[in-house]
Amino acid sequence: MAEMKTLSVADLEANPEAYKVAMTGYIVSRGAIPFTDEKATPAFFAAMFGDPQFLAAFENAKAKIAERNAGAPDLDEKPEIAAPRQGSIFELLSQRTAEAKQRKDASLKTRESESLTTDNPNLAPVRHLQADFFVCDLVDYALKDDQASMEAPIFSLSTREDLKVWKWTSEDGKKSVEVQPSVCGRATQHDKDVLIYCTSQLTEAINQKKKPSKTVRFTAYDLLVATNRNICGRDYDRLKAALDRLAGTRIKTDIKTGGERATKNFGLIDSWEIVEKSPEDSRMVAIEVTLSDWLFSAIQAHEVLTILPDYFRLRKPLERRLYEIARKHVGKQGSWKISLSALHGKSGSTDVVRNFKSKLKEIIEADTIPQYRYQLCSGDVVMVYDRDPNAALKSLL
């Protein structure tokens, strides 16, 4: 028997109809119809592409299609495996993204209160459905996070006041960070919302050929809405506390931004100031925040990555940190592998590895991380997959 050809990405993309036929035969033979998102796991595709029956069906379908296109006598004959009725697997799995966008557009128009992902109760609800606010003269902008703080665990994952000095060194020893909290405590992962908001505004301003400034003025209301927070009195107080922690937290690092290495102790933000208060209750209205040179250099050098709005719906600090890590490292390759111990260090968790592993399992079970899916494998290896079916498939082939 001739050796079976291994399916490559190029072969797959060059023969989408043959793949559609072979895929349908494969899932029908295993009783997997209807083929849902829950069944479209990396393990499923890995098993399928390694199955000789699937590869034989793919080659057979290619031959039949070639005969048909060449005007062979059996043009009207049906292939041995019936073509699927619901389209190719790429089209089927990609419907999820399109449907999510349609739901979002519909909710913005009708101002309905249901969540965009009501099937997952582990996510916070969408509290502000209509972005009818005006911030720094920019309304339409993509959320941006700086790559330096996505790489290093600068922010505390604790929900309590964190007064400990934090030190981290990368596995290769080439990057290190020392974080010194103030009397207010170390800045938290949720405090970072302020920096993401400012980074997003400044990046869009640069894209529009405007001259950016280290000092950003915005209204407290706009920031709370943009970061999916409540807008009652105590939320303004929490924002004020977050600004104090950001200004008080000091960083010492050898991580470069904008091609330059910081050699001094600096704050996450240089300063902040209330420039306008409400005449009714003295609540802060307009705020000015002056960013650090370190962060501003990263923004000017476009060392930022786009993040999804659902990031602000993640309740747990560790969930947000795991999303950042996945967004930074998976990229266009579709998947990424890291040891549990390395992920533990990169996350910034102060738990022992055993407790960190338990929390990671809970997050994997809840399946809350936007865009990515974590998987804990044997040997304490962690795999991270892009939820995009095209990216995930390419990583498996």
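How many residues lie between β9 and β10 in their hairpin, and which residue in the turn has a positive phi? The first legend answers this; every view shows a predicted model.

**View 1. The hairpin of β9 and β10.** Six residues lie between β9 and β10, and in the turn Ser282 has a positive phi of about 65 degrees. The two strands pair in the antiparallel sense over seven bridges. Ser271 is placed opposite Thr290 of β10.

**View 2. The open sheet β4-β10-β9.** Three strands in this order make up an open sheet with antiparallel pairing. Its edge strands are β4 (215–219) and β9 (269–277), each of which pairs on one side only. From one strand to the next the twist averages 20 degrees. β4 is joined to β10 (residues 284–291) by five bridges, and the two run antiparallel. Within β10, Val289 is the residue opposite Val216. Helix α7 (residues 193–207) lies across β4, β9 and β10 and runs at about 110 degrees to β4.

**View 3. The open sheet β12-β14-β13.** This open sheet also has three strands, and its pairing is antiparallel. At the edges are β12 (335–339) and β13 (372–377), each pairing on one side only. The twist averages 20 degrees from one strand to the next. Five bridges connect β12 with β14 (residues 381–386) in the antiparallel sense. Ser339 stands opposite Val381, a residue of β14. Two helices pack on the sheet. Helix α11 touches β12, β13 and β14, and its direction makes about 100 degrees with that of β13. Helix α12 touches β12, β13 and β14 as well, with its direction at about 95 degrees to that of β12.

**View 4. The packing of α11 against α12.** The axes of α11 (residues 317–329) and α12 (residues 340–347) are 10 Å apart, and the helices pack at an angle of about 110 degrees. Because angles of 65 to 115 degrees count as roughly perpendicular, α11 and α12 are described as roughly perpendicular to each other. The crossing of α11 past α12 is right-handed. On the α11 side the contact is made by Leu318, Arg321, Leu322, Ile325 and His329, and on the α12 side by Leu343, Lys346 and Ser347. Sorted by class, this contact of α11 with α12 has four nonpolar, two polar and two charged residues.

**View 5. The packing of α12 against α13.** The axes of α12 and α13 (residues 353–366) come within 10 Å and cross at roughly 90 degrees. These two helices, α12 and α13, are therefore roughly perpendicular to each other. From α12 the contact takes Leu340, Leu343, His344 and Ser347; from α13 it takes Val353, Phe356, Lys357 and Leu360. Five nonpolar, two polar and one charged residues make up the contact of α12 with α13.

View 6. β2 (residues 166–169) and β3 (residues 176–180) run antiparallel and are joined by four bridges. They form a hairpin with six residues between them, and Gly173 in the turn has a positive phi of about 75 degrees. Thr169 is opposite Ser176 of β3. β3 is also joined by four bridges to β5 (residues 250–253), and this pair runs antiparallel. Here Gln180 stands opposite Arg250 in β5.

**View 7. The surroundings of Arg245.** Arg245 is found in helix α9 (residues 233–248). Arg245 and Ala187 are 58 residues apart in sequence, whereas their C-alpha atoms are 4.9 Å apart in space. Leaving aside residues up to four places away in sequence, Arg245 touches Cys184, Gly185, Arg186, Ala187, Thr188 and Asp191.

**View 8. The aromatic pair Tyr19 and Phe54.** The structure holds six aromatic pairs. In one of them, the ring centres of Tyr19 and Phe54 are 6.1 Å apart and the planes are at 80 degrees, so the pair is edge-to-face. Tyr19 lies in helix α2 (residues 16–29) and Phe54 in helix α4 (residues 52–69), so the pair ties together parts that are 35 residues apart in sequence.

Conventions: Residues are numbered from 1 along each chain as its sequence is written. This is a predicted model: local features need pLDDT of at least 70, side-chain atom pairs count only at pLDDT 80 or more; totals for chains, interfaces and linings use all residues. Side-chain values use heavy atoms; hydrogens and water are left out. Axes are lines fitted to C-alpha atoms, for helices over the stretch in contact, and angles run from 0 to 180 degrees between N-to-C directions. Angles under 35 degrees count as roughly parallel, over 145 as roughly antiparallel, 65 to 115 as roughly perpendicular and the rest as oblique. A crossing is left-handed if the near helix is turned anticlockwise from the far one by less than a right angle, and right-handed if clockwise. Contact means heavy atoms within 4.5 Å. Ala, Val, Leu, Ile, Met, Phe, Trp, Tyr, Cys and Pro count as nonpolar, Asp, Glu, Lys and Arg as charged, and the others, Gly among them, as polar. Two strands pair if DSSP finds at least two bridges between them. Rings of Phe, Tyr and Trp (its six-membered ring) pair if their centres lie within 6.5 Å; planes under 30 degrees apart count as stacked, over 60 as edge-to-face and the rest as tilted.
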